[in-house]
Amino acid sequence: MRAAILACGTPAFADDIDLSTWTCKKFQSADKETIEIILTWLDGYYKDQDDPPVIETDTFVENAKKLGQYCSAHPDMGLITAADKLFSSDDK
């Protein structure tokens, strides 16, 4: 039963998503599902280690908009470089 649930809820990607190779332009031109996966991963990655496992939806949406605006202004910048500029804390 668990495998059936996971199979239904897991997208079938042919390739891994190597964010170290993605530019802002590639991110913004990706399909909606891929963008959602990347934004969710970024949300978790940039949380502090001691933060509770909570997705703060207002902050998530605000950060997604910030990244979208920044990437629009810097399409050739690496996605992780852009995310680091916006979301990295000095503690990481």
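**From values to words**

Reader: What makes D43 count as buried?
Author: The relative accessible area of D43 is 15%. Buried means under 20%, so D43 is called buried. Keep in mind that we are looking at a predicted model.

Reader: Where is D43, and which residues does D43 touch?
Author: D43 sits in helix 3, which covers residues 32-45. Leaving out residues up to four places away in sequence, D43 touches I55 and F60. Contact here means heavy atoms within 4.5 Å.

Reader: Why is T59 called partly exposed?
Author: T59, a residue of helix 4, has a relative accessibility of 34%. Buried needs a value under 20% and exposed one over 50%. The 34% of T59 falls in between, so T59 counts as partly exposed.

Reader: How far is T59 from D43?
Author: Their C-alpha atoms are separated by 9.2 Å, and the two residues are 16 residues apart along the chain. For D43 and F87, which are 44 residues apart along the chain, the C-alpha separation is 9.0 Å.

Reader: How many helices and strands are there in the protein?
Author: There are five helices and zero strands. Along the sequence, that reads as the pattern α-α-α-α-α.

Reader: Why are helix 3 and helix 4 called roughly perpendicular?
Author: Their axes cross at roughly 110° and come within 11 Å. Angles of 65 to 115 degrees count as roughly perpendicular, and therefore helix 3 and helix 4 get that description. The crossing of helix 3 with helix 4 is right-handed.

Reader: Which residues make the contact of helix 3 with helix 4?
Author: From helix 3 come L39, T40, L42 and D43, and from helix 4 come F60, A64 and L67. By class, this contact has five nonpolar, one polar and one charged residues.

Reader: Which residues make the contact of helix 4 with helix 5?
Author: On the side of helix 4 they are N63, K66, L67, Y70 and C71. On the side of helix 5 they are L79, A82, A83, K85, L86 and F87. The residues of this contact divide into eight nonpolar, one polar and two charged.

Reader: Which residues is Y70 in contact with?
Author: Y70 belongs to helix 4. Neighbours within four places in sequence aside, Y70 is in contact with M77, A82, K85 and L86. From Y70 to A82 the C-alpha distance is 7.3 Å, and these two are 12 residues apart in sequence.

Reader: How do you know that a disulfide joins C24 to C71?
Author: The S to S distance of C24 and C71 is 2.3 Å. The rule asks for a pair of cysteine sulfur atoms within 2.5 Å, so the pair of C24 and C71 passes. By this rule the count comes to one disulfide.

Reader: Which parts does the pair of C24 and C71 tie together?
Author: C24 lies in helix 2, residues 24-29, and C71 lies in helix 4, residues 57-73. The pair therefore ties together parts that are 47 residues apart in sequence. With -50° about the S-S bond, the link is left-handed.

Reader: Are C24 and C71 buried or exposed?
Author: Both C24 and C71 are buried. Of the 92 residues of the protein, 22% count as buried.

Reader: What percentage of contacts join residues at least 24 apart?
Author: Among contacts between residues at least 6 apart in sequence, 57% join residues at least 24 apart.

Technical notes: Residues numbered from 1 in each chain as written. Predicted model: local features only at pLDDT ≥ 70, side-chain atom pairs only at ≥ 80, totals over all residues. Heavy atoms only, no water. Helix = DSSP H or I, 4+ residues; strand = E, 2+ residues; numbered from the N terminus. Buried < 20%, exposed > 50% of the residue type's maximum accessible area, 1.4 Å probe, protein only. Nonpolar A, V, L, I, M, F, W, Y, C, P; charged D, E, K, R; others polar. Axes fitted to C-alpha atoms, helices over the stretch in contact; angles between N-to-C directions. Parallel < 35°, antiparallel > 145°, perpendicular 65-115°, else oblique. Left-handed = near helix turned anticlockwise from the far one by under 90°.
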